[in-house]
Amino acid sequence: MTSVRKTPAVPPQRTAGPSRCYCGKPLTQTPGKRAKRFCNEACRSAARRNPEGSKRAAADATAPGKSGRLGNGVTEFSHTPDLRERRATPDPAIRRWQGRKVLNRTSGIDACKGCGRAVLDPDTGVIVGRSSRGYAVTIGLVRCGKIWFCPECSAAIRRGRSEELKTAALRWLAAGGMLAVVVLTARHNKTTELDKLSDALWGAPKLDGKGNPVLDSSGKPRRTPGAYQAMLTAPAFYGRAARRGKRPEGGIRHRIGYVGMARASEVTRSKENGWHPHMNLLVFLGGRLVGTPAKGTVVKHFKPGQKSLAMWETWLRDLWSGALGKADPSYKPSTECEIRDCKCDGKGHGVKVQIVRSADDAALIDYLTKVQDGKKPADSVTADLKAATGAAMETTRADTKRYTGHSVTPFQLLYRLWDIESAGTDPEQAEGYGTPTQCRAWWAEYEQAMAGRRAIEWTRGLRRHVRMDGDDSEERDREFIYEQEKNQKLVGGIAMTADAHGFVVRADAELDVRATVEAECYDSAADVVAGLGGRADHVRVLTAEQLAEVQEALFARLKARQEERMRQARIAAYEADQAAKDAARRQLAGALGRLLARRS
């Protein structure tokens, strides 16, 4: 056996580091040790978020006559191939935080102004913990739960709704049904007003001559239906009940086995054509119903024929175009297209339909019902998973779309405001388009048009057909947000009082606190608070066991408050119902009294 004698490695020569930190504070270097470049983890995190700022600090520290080093640090000579990528695709979590900070200052909705700022439970304060996967989690803040308006809340809600819809889609495919992904849109241009076009799509409150809402017999506001409601209730689709001795007439829904749909609405804005509201539908087909979709029971599954599906698509295009044209001729989408090689295949741009089928129902059922043993699923199951996931994502995850150079999502208006006003980015390099004044005006118009509308909803009865619990309420949306916090397993972290958190929020320093927690420099969080003018003793370092206890106590109190709110809501609903019945009895008694008076 031949032995090879290794030459002792020559230790690398260490050079002096910068004399100042990224933040400008003096740094004390130890000879023979690795050079310091930051005074704490907060500065290191800030340098990661804004590398150009780090370059300037390094240039100041290594001016002529001063010593500096070239190595892993960021200098004008360093090779940092990911900087352009980082600017082009910033971290989504940081981007959502930036958007929410702008929302706090821009929104006209009180809940949005306080989202992520107010503390849920003053006794507990705010927890910033390090998860077992290494990222920071903030727990104990009030969330607005506004899926239309808050980037952070929207991401959590849409993530939960997407998983919910994916499960429903897989169950339906496994049972032998079929899915259709449908996109519905309207004609629009730069002069189109978002609120009026939204009313044409989704309906609007019914108003009397004085502009007051018209109430039904139960005291609830009545609504003027939009094109979406017309699609669901059209006799040609839904069928006609038996009338005056005539037999009931089946509608198109019977031929295609329609049992319900999930609707997700979204809005974008382009330079050329202004606002673009549209709907993504996931339609559940291939179910033989006894009764109506809302109250009936699925007794059999089948594969609708191509002729029936084509008939439904043709009817849908004609009805959709007619309903929007009736609301306003300028909204009427095309039903034909002469553009060569257009994606619509000559069918027009108002309706797009894509059918999703299961390649192997038996394999999918096996995958869903048996305990997985680590084996790779069959190819057909993988295809079904991709199809169901893609359908659910396309339907619900509007928050993941990004600026393409042609159109922006409303959240990107907030991101652009952050880039220009907070980060000092050149408007030509900032995400999106428009001046800050324009972005604020567009955001105000968007808030006014979409407030009070549901972004994601299921038709009645669909959850029962796919054996899914839950509902479409805002209360459930908030549960998606808080459940993520509740289920986080934390390995360490800190707890801040409401006062300490206030200093952090006002200085936009939340990311600095998170950086100290992610780096497990928990004591440095107190330094961050003290540096902002707060008290260091208002920050406590907690172990994993202490964090678990605090989490359990916090969410127990929140659950008790939620149950009390639900109890109060039930009481209010009962009282409103009794008031409506009393009003009806008084009305009936008055009518009887007048009738008796006329007879006498």
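Modeller: This is a predicted model. Start with helix α4 (residues 92–106) and helix α14 (residues 410–422), which pack with their axes 8 Å apart, at an angle of about 85 degrees.

Biologist: Why is α4 called roughly perpendicular to α14?

Modeller: Angles of 65 to 115 degrees count as roughly perpendicular. The angle here is about 85 degrees. Therefore α4 is roughly perpendicular to α14.

Biologist: Which residues make the contact of α4 with α14?

Modeller: From α4, they include R95, W97, V102 and L103. From α14, L414, Y415, L417 and W418 are among them. By class, the contact has seven nonpolar, three polar and five charged residues.

Biologist: What makes a set of residues a nonpolar core?

Modeller: Its members are buried residues of kinds such as Val and Trp, joined through side-chain atoms within 4.5 Å. The largest such core here has 67 residues, and V182 and W312 have the most contacts inside it. Helix α11 (residues 306–327) gives the largest share, seven residues.

Biologist: How do you know that this core draws on both domain 1 and domain 2?

Modeller: At least three of its residues come from each of domain 1 (110–142 + 489–581) and domain 2 (156–372 + 379–406 + 455–467).

Biologist: What is V182 in contact with, leaving aside its neighbours within four places in sequence?

Modeller: Its partners include M279, L281, W312, L316 and V351.

Biologist: And the protein overall?

Modeller: The secondary structure comes to 21 helices and 14 strands. Buried residues make up 44% of the 600 residues; buried means under 20% relative accessible area.

Notes:
Residues are numbered from 1 along each chain as its sequence is written. This is a predicted model: local features need pLDDT of at least 70, side-chain atom pairs count only at pLDDT 80 or more; totals for chains, interfaces and linings use all residues. Side-chain values use heavy atoms; hydrogens and water are left out. Buried means under 20% relative accessible area, exposed over 50%, partly exposed in between (1.4 Å probe, protein chains only). Helices (H or I, at least four residues) and strands (E, at least two) are DSSP runs, numbered from the N terminus. Domain bounds come from an automatic or database domain assignment. Contact means heavy atoms within 4.5 Å. Axes are lines fitted to C-alpha atoms, for helices over the stretch in contact, and angles run from 0 to 180 degrees between N-to-C directions. Angles under 35 degrees count as roughly parallel, over 145 as roughly antiparallel, 65 to 115 as roughly perpendicular and the rest as oblique. Ala, Val, Leu, Ile, Met, Phe, Trp, Tyr, Cys and Pro count as nonpolar, Asp, Glu, Lys and Arg as charged, and the others, Gly among them, as polar.
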